[in-house]
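User: Hi! Could you walk me through this structure with me looking on?
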Amino acid sequence: MPERLLGVIAEYNPLHNGHHYHLKKAKAETNADLVLVAMSGNFVQRGEPALLNKWMRTKLALQAGADLVIELPCYFALQSAETFARAGIGLLNVCGINCLSFGSESGDLATLSRLAEIIDNPETQNTIKTTLSSGITYARAVQTAVERNNLSSASASRLMSGANNILGIEYIRAARALGANLDFHTVLRTGPGHHSTEPHAYGSATAIRQAVQQGRMKDACKMLPSGVQATFFTALDEQGPVFISNFAQIIFHKLRTSDAEQLRRLQSISEGLENRFKNHAWTTNDLYEFLRLVKTKRYPRTRLQRILMQLMLDFENIPQPKTYTPYIRVLGYTAQGRSLAKRLAGGKIPVIFSPAKDANRLDITARALLNLDLRAGDYYSLATRKPLPMELTLQPIEG
């Protein structure tokens, strides 16, 4: 019988009880032999550094049930939900997964699939483009377009307001766009919402990050699976949590020394947004205040944060990739996962175990993307209590 490989796209920022529940339930319900996780590295899709570095988060994922963790390249992790999803699906598809599982607020795979189909309709896409010109966010433009396709306003609002629902829809759309023949599986989200700060047993990653930032370690502890708590708190003791404010000086330096043309070269910059950045670069030294000043209805904070991270990491100098799968960077594995990783190394996509040894297998564009991953790791190290080893020298961890 063919091997059943389950894929998960995640950030685990940090891994909590809900993630653990999802991994166990998804593996059982899909009869998976192995679980592959494509995970963001040291910077995540909402435009922030991860609370813990990617190696600690990989260790947590392996302890919670993953068999193989690969890195979603930083270039794709710091992009829109659509690009993030396509990169994740592309990577897992070339790894040979049969099924992809995701958590959702609705737990209704049929309706989410229908929404994906509606959004891909050319008429819907035209409506989205037209609606965007009125100055609203992309998410609101999609919701408006969906409402015009015979889905009630209440239903569309409910479904499109769920962060996990939105990503699930994007995963389904990505598979269709890339020709990935995958089964999809969803697990109903348990507990408070994605952005809730309530210290619930199934509390969100947001709630854990806030609890850590405020020193409420008991609250953080009860939201973590018992099997990962020791690793989590050891990581905090040794390296400390990392927040976007840790990079304020670097970000303001880049803002104040970059001209408008440099800012315009960032793909996420449009409609004169570079001028808002330059106008407020000298207004304050407080990064959160800067974000408040620049934020508009069209440009929510998460998009602005992604742009700042892109600026800090020199995205403007990176050639636009022609593929979502430039390489497979292995972050960690179990014994079974290691066997799979070795099999993948015999395929067409370069597999990176050690950047120092394997980078010579990459073409120019892929090398630029890997160098970005390395740079992101070394920048991240500036915010930890003691320097992490050079990213170039690091190899997969074993769980």
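User: Let's begin with the largest cavity: how does its lining split by class?
Analyst: By class, that lining has 5 nonpolar, 4 polar and no charged residues. Here Ala, Val, Leu, Ile, Met, Phe, Trp, Tyr, Cys and Pro count as nonpolar, Asp, Glu, Lys and Arg as charged, and the others, Gly among them, as polar. Please keep in mind that this is a predicted model: local features need pLDDT of at least 70, side-chain atom pairs count only at pLDDT 80 or more, and totals for chains, interfaces and linings use all residues. Residues are numbered from 1 along each chain as its sequence is written, and side-chain values use heavy atoms, with hydrogens and water left out.

User: Which residues line the largest cavity?
Analyst: The lining consists of Leu51, Leu52, Asn53, Met56, Ala235, Gln239, Gly240, Tyr380 and Thr384. On a 1 Å grid over the protein atoms alone, a cavity is a set of points where a 1.4 Å probe fits but cannot get out, a pocket is an open set with protein on both sides within 12 Å along at least five of seven lines, and lining residues have an atom within 4 Å of a point.

User: And how much space lies in the largest cavity?
Analyst: About 30 Å³, where a volume is the space filled by probe spheres set on the grid points, joined across faces, edges and corners. The structure holds 1 cavity of 30 Å³ or more.

User: How are the axes and elements defined?
Analyst: Axes are lines fitted to C-alpha atoms, for helices over the stretch in contact, and angles run from 0 to 180 degrees between N-to-C directions. Under 35 degrees counts as roughly parallel, over 145 as roughly antiparallel, 65 to 115 as roughly perpendicular and the rest as oblique. Helices (H or I, at least four residues) and strands (E, at least two) are DSSP runs numbered from the N terminus.

User: At what angle do H5 and H6 cross?
Analyst: Roughly 70°, and the axes of H5 (residues 109-120) and H6 (residues 122-132) come within 5 Å. H5 and H6 are therefore roughly perpendicular to each other. Ile118, Ile119 and Asp120 in H5 meet Pro122, Thr124, Gln125 and Ile128 in H6.

User: New topic: is Ile89 buried or exposed?
Analyst: Buried, with a relative accessible area of 0%; buried means under 20%, exposed over 50% and partly exposed in between (1.4 Å probe, protein chains only). Ile89 is found in H4 (residues 81-94). Leaving aside neighbours within four places in sequence, its contacts include Ile9, Leu100, Tyr171 and Phe184.

User: Where does Ser80 lie?
Analyst: In the loop between H3 (74-77) and H4. Ser80 is partly exposed, at 31% relative accessible area. Not counting residues up to four places away in sequence, Ser80 touches Gln45 and Arg306.

User: Last one: what volume does the second largest pocket have?
Analyst: About 350 Å³. Of its 16 lining residues, Arg46, Glu48, Arg209, Gln213 and Arg301 are the closest to its centre. H10 gives the largest share of the lining, 4 residues.

How values were computed. Contact means heavy atoms within 4.5 Å.
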